[in-house]
Amino acid sequence: MFNTPFVLSFALLLSFPLLFFFAPRFLPPKHAQISLPDELDDLALFRRATLASLHPGAVVSRLGTTNSNSKPKIAFLFLTNSDLHFAPIWQIFFQNHQGLYNIYIHADPSSKITPPGGVFEGRFITAKRTQRASPTLISAARRLLATALLDDSLNSYFALVSQKCIPLHSFQFMYNSLFVKPIAESTRPNSSSSSMLFPMYRSFIEILNDDPYLKDRYISRGKDVMLPEVPFDRFRVGSQFFVLTRQHALVVIKDRRLWRKFRLPCHNLDSCYPEEHYFPTLLSMEDPHGCTHYTLTRVNWTGSTDGHPHTYGPVEVSTELIRELRVSNSTYSFMFARKFSPECLQPLLDIAEKVIFRD
């Protein structure tokens, strides 16, 4: 008969494969980290975009639409890890407005995504892996901003949207709304030494300082880890979806100081959403009066689960829903809404011409 120590040792040896198989199912998930090569690639891209901004007269337009007019454009930045199910809706949205927009898509390379064609043809940029509630989403957004800045000097607004976003108005309505209301420099309070360099238009980005969970999120990396660059009274939260001016987009890609803090891993993953803090905190510090402090993207947090907002299904799509989603507490209507399930495509197409794009 085998002695007891031998049996225990043999049983332990056999258990190792089972341990490696089941451990990932019981251990808390880890957020994706940004590798050094990826970081260096991004820094090189940001440097090229920054240098190109010193010569704003050059219209490059490698990915964007080429045209002879000099009208400002809106760069639409699609951040996705799945198919662009609502591409047919966006196709109608962009129709007959060539020369007033550019499209850039950052698609997670670990996901198999079918190119939608049409206005999205050839619009995919060099992308890296992304993961929810991690600094990789910040990197992806900065990558989109830098690419759009470098690509076309006429890109004047930069709208970040997801694959589950839909437009709530026609393109012309949005374009006219963004470019019709410049703010006089004399009406802007002093915000920073560089504020005089900023444009006459504001960025539409949600910036909040009264969230009840703000403290927990601030210390998610450790009690004093964010100091001294980000004291708690300067820490902000807001929607990760924004519409930034060109000058604010440059502020984002030039930043190194705050990024070194926000890229650090979190110890408390339940309170770690860096993509909802980095952009509001940075722009609040750099130019708070150049931002509206509200977003143009409508989200329904009623009945949210696991940190995700309500996802609309096909039976909820109606004329009344679109009109309700447009209403905001600001002087601007909401321009986008999320989240919609892929099954909503046909009901949305049914009301696109008569409701969504009739302003």
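A charge sits over a ring if NZ of Lys or CZ of Arg is within 6 Å of the ring centre and within 35 degrees of the ring normal. Okay, with that in mind: the charged end of R142 sits over the ring of W259, 5.2 Å from its centre. The charged end of K215 does likewise over the ring of F232, at 4.5 Å from the centre.

Quick housekeeping. This is a predicted model, where local features need pLDDT of at least 70 and side-chain atom pairs count only at pLDDT 80 or more, while totals for chains, interfaces and linings use all residues. Residues are numbered from 1 along each chain as its sequence is written, and side-chain values use heavy atoms, with hydrogens and water left out.

Now, helix α3, residues 87-94 (helices are DSSP runs of H or I, at least four residues; strands are E, at least two; both numbered from the N terminus). W90 and F93 are three residues apart there, so about one helical turn separates them. W90 is buried, with a relative accessible area of 2%, and F93 is buried, also with 2% (buried means under 20% relative accessible area, with a 1.4 Å probe and protein chains only).

What does F93 pair with? F357, in a tilted aromatic pair, 6.2 Å centre to centre with 45° between the planes (rings of Phe, Tyr and Trp, using its six-membered ring, pair if their centres lie within 6.5 Å; under 30 degrees is stacked, over 60 edge-to-face, the rest tilted). F357 lies in the segment after α11, so this pair ties together parts 264 residues apart in sequence.

Notes: Right-handed = clockwise from strand over helix to strand, strands pointing away. Buried < 20%, exposed > 50% of the residue type's maximum accessible area, 1.4 Å probe, protein only.
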